[in-house]
Amino acid sequence: MTLEENKDRLLLIFTRNPKLGKCKTRLAATIGDQAALDIYMILIRHTAEITKDLSCSKEVYYSEEVPENDLWDKDNYAKQLQKGNDLGERMYNAFKSGFQKGYKKIILIGSDIYDLNSETIEEAFVEIENADFVIGPAADGGYYLVGMKTLNNEIFQNKNWGTETVLEDTLNNLNHKKVKLLEIKNDIDVYEDLEDIDVFQSFIKI
């Protein structure tokens, strides 16, 4: 899939620049900065692997700066900088940009969901055909995926991002809309999220 080939479907991928001491800080508090960075690199590679062949345009949104060369192939992923004062504003601005470019269905994911696969993202694009919004609930009370066909600002406002109330508060904003919920998945934020995943076992011997 080449860059900008599909103008109907857009996948937004939010990621943090992988810098020591700057990513997975809650996890790092338990296992240390280097192990947390190593784990985050595994998560980023996983996200790139499951998205590279999807039939949609793709944009990677970085937290701090846009690198020229990294694992996100610039022939497949457009690179952008997140803009806004908090996560909600940054997500809203990314969606707004996508709709201004003419995309009809836009899905946003993070880059820390080892449970996520290409089939689930494809399912989200299919489900949004007959729904107003599609949401992938995270086990911690947030969400790992959100998609829409028309821009909505309310769901990105007045949220305590990173807490267990985000999904509930978001669904309350959408109680008069048709919302499709996907399968619950586990994102990687704290030590307990790693305990049952084989690929991370070498990092959690504490």
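Glu122 is partly exposed, with a relative accessible area of 28%. That makes a handy starting point for a walk through this model, which is predicted.

**Salt bridges**

Which residue does the side chain of Glu122 meet in a salt bridge? Its partner is Arg9, at 3.0 Å from N to O. This pair links distant parts of the chain, with Arg9 in strand β1 and Glu122 in helix α4 (residues 118–127), 113 residues apart. Arg9 is buried, at a relative accessible area of 12%, a value that falls under the 20% cut-off for that class.

In total, the structure holds 12 salt bridges. Another one of them joins the side chains of Lys105 and Asp8, at 2.7 Å from N to O. Lys105 belongs to strand β4 (residues 105–109) while Asp8 sits in the segment before β1, so this pair ties together parts that are 97 residues apart in sequence. Lys105 is buried, whereas Asp8 counts as partly exposed.

Next come Glu65 and Lys19, whose side chains meet in a salt bridge of 3.4 Å, N to O. Here too the pair links distant parts of the chain: Glu65 is in the loop between β2 (57–62) and β3 (78–81), and Lys19 is in the loop between β1 and α1, 46 residues apart. Both partners are partly exposed, Glu65 as well as Lys19. Returning to Asp8, salt bridges that share partners join Asp8, Lys105 and Glu129 into one network.

The accessibility of the paired residues can be set out as follows.

| Residue | Relative accessible area | Class |
|---|---|---|
| Lys105 | 7% | buried |
| Asp8 | 30% | partly exposed |
| Arg9 | 12% | buried |
| Glu122 | 28% | partly exposed |
| Glu65 | 42% | partly exposed |
| Lys19 | 28% | partly exposed |

**Helix α2**

Is helix α2 largely enclosed or open? Of its 19 residues, 14 are buried, so the rest of the structure largely encloses it.

**Positive phi angles**

Most residues other than glycine have a negative phi. Lys24 has a positive value, near 50 degrees, and it is placed in the loop between β1 (9–15) and α1 (25–31). Asn158 also has a positive phi, of about 55 degrees, and its place is the loop between β6 (143–148) and α5 (166–173).

**After strand β7**

Glu192, Glu195, Asp196 and Asp198 form a negative surface patch. One of these residues, Glu195, is in the segment after β7 (179–181) and is partly exposed, with a relative accessible area of 38%. Asp189 lies in the segment after β7 as well, but Asp189 is buried, with a relative accessible area of 13%. How far apart in space are Asp189 and Lys177? The two are 12 residues apart in sequence and 30 Å apart in space, C-alpha to C-alpha.

Note on methods
Residues are numbered from 1 along each chain as its sequence is written. This is a predicted model: local features need pLDDT of at least 70, side-chain atom pairs count only at pLDDT 80 or more; totals for chains, interfaces and linings use all residues. Side-chain values use heavy atoms; hydrogens and water are left out. Helices (H or I, at least four residues) and strands (E, at least two) are DSSP runs, numbered from the N terminus. Buried means under 20% relative accessible area, exposed over 50%, partly exposed in between (1.4 Å probe, protein chains only). Patches are made of residues with over 30% relative accessible area and no salt bridge: like charges are joined within 9 Å, nonpolar side chains (Val, Leu, Ile, Met, Phe, Trp, Tyr) within 5 Å. Accessible areas come from the Shrake-Rupley method with a 1.4 Å probe; for residues, only the protein chains shown count as cover. A salt bridge is a side-chain nitrogen of Lys or Arg within 4 Å of a carboxyl oxygen of Asp or Glu. Lys and Arg count as positive and Asp and Glu as negative; His and the chain ends are not counted. The place of a charge is taken as NZ of Lys, CZ of Arg, CG of Asp or CD of Glu.
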